[in-house]
Amino acid sequence: MPDTPSPTTGKNQATPARTRSAPGPVLKFRIRITHGDAIAVGPGKIALLEAIEATGSITAAAKTLGMSYRRAWLLLDETNRSLKRPAVDSAKGGPHGGGSLLTDEGRKLIALYRHIEATARTACRSDIRRLMEMLAR
């Protein structure tokens with residue numbers, strides 16, 4: 001069952017299967033790398049990095065994903081602390097506002113994460129097909 005971000009909390013909540021308008025079951029990889037209790041890299045953090053790349057702003061990226069600025073900032077801080085080099089470089093606010101840019105490390109992280117997903121999907125294609133055939137439509 002897919003997760004959808006709640007507009008009030010920004011947290012993913014399960015959407016009831018009967019209310020979805022999707023044409024059928026959809027496979028979603030949820031790759032996470034944990035370090036202790038912290039999620040160093042996961043789908044939400046990658047989506048946030050992609051949104052920052054698209055918008056140039058933590059605030060705008062957070063709005064795009066339906067999460068608070070504070071939540072986005074905490075996720076970015078945890079991501080940056082988990083990496084050897086930061087994924088995002090943020091400028092302080094001022095007369096022209098701040099802004100956030102992905103570093104080369106951030107762009108490499110997104111590309112590698114998406115490559116792993118694609119590789120896994122390709123390697124497991126026949127198993128995924130068999131699994132999907134088992135599901136009710």
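This is a predicted model: local features need pLDDT of at least 70, side-chain atom pairs count only at pLDDT 80 or more; totals for chains, interfaces and linings use all residues.
Colleague: What makes up the secondary structure of the protein?

Modeller: Five helices and six strands make up the secondary structure. Along the sequence they follow the pattern β-β-β-β-α-α-α-β-β-α-α. Of the 137 residues in the protein, 26% are buried.

Colleague: How do helix 1 and helix 2 pack, and at what angle?

Modeller: Helix 1, residues 43–55, packs with helix 2, residues 58–65, at an angle of about 125°, and their axes are 8 Å apart.

Colleague: Which residues make the contact between helix 1 and helix 2?

Modeller: Helix 1 contributes Ala47, Leu48, Ala51, Ile52 and Thr55, while helix 2 contributes Ile58, Ala60, Ala61, Thr64 and Leu65. By class, this contact of helix 1 with helix 2 has eight nonpolar residues, two polar residues and no charged ones.

Colleague: What makes helix 2 roughly perpendicular to helix 3?

Modeller: The axes of helix 2 and helix 3, the latter spanning residues 69–82, cross at roughly 110° and come within 9 Å. Angles of 65 to 115 degrees count as roughly perpendicular; the value of roughly 110° lies in that range, so helix 2 is roughly perpendicular to helix 3.

Colleague: Which residues of helix 2 and helix 3 meet?

Modeller: Ile58, Thr59 and Ala62 of helix 2 meet Tyr69, Ala72, Trp73 and Leu76 of helix 3. The contact of helix 2 with helix 3 has six nonpolar residues, one polar residue and no charged residues.

Colleague: Turning to Lys45, where is its place?

Modeller: Lys45 lies in helix 1.

Colleague: Why is Lys45 called buried?

Modeller: Buried means a relative accessible area under 20%. Lys45 has 6%, and is therefore buried.

Colleague: What does the side chain of Lys45 reach?

Modeller: The side chain of Lys45 reaches the backbone oxygen of Ile39 at 2.2 Å. The cut-off for a polar contact is 3.5 Å, and the value of 2.2 Å is within it.

Colleague: Which residues is Lys45 in contact with, leaving aside neighbours within four places in sequence?

Modeller: With those neighbours left aside, Lys45 is in contact with Ile39, Ala40, Leu75, Glu78 and Thr79.

How values were computed. Residues are numbered from 1 along each chain as its sequence is written. Side-chain values use heavy atoms; hydrogens and water are left out. Axes are lines fitted to C-alpha atoms, for helices over the stretch in contact, and angles run from 0 to 180 degrees between N-to-C directions. Helices (H or I, at least four residues) and strands (E, at least two) are DSSP runs, numbered from the N terminus. Contact means heavy atoms within 4.5 Å. Ala, Val, Leu, Ile, Met, Phe, Trp, Tyr, Cys and Pro count as nonpolar, Asp, Glu, Lys and Arg as charged, and the others, Gly among them, as polar. Buried means under 20% relative accessible area, exposed over 50%, partly exposed in between (1.4 Å probe, protein chains only). A polar contact is a pair of N or O atoms within 3.5 Å; within protein, one must be able to donate a hydrogen and the other to accept it, and residues adjacent in sequence count only if both atoms are side-chain atoms. Angles under 35 degrees count as roughly parallel, over 145 as roughly antiparallel, 65 to 115 as roughly perpendicular and the rest as oblique.
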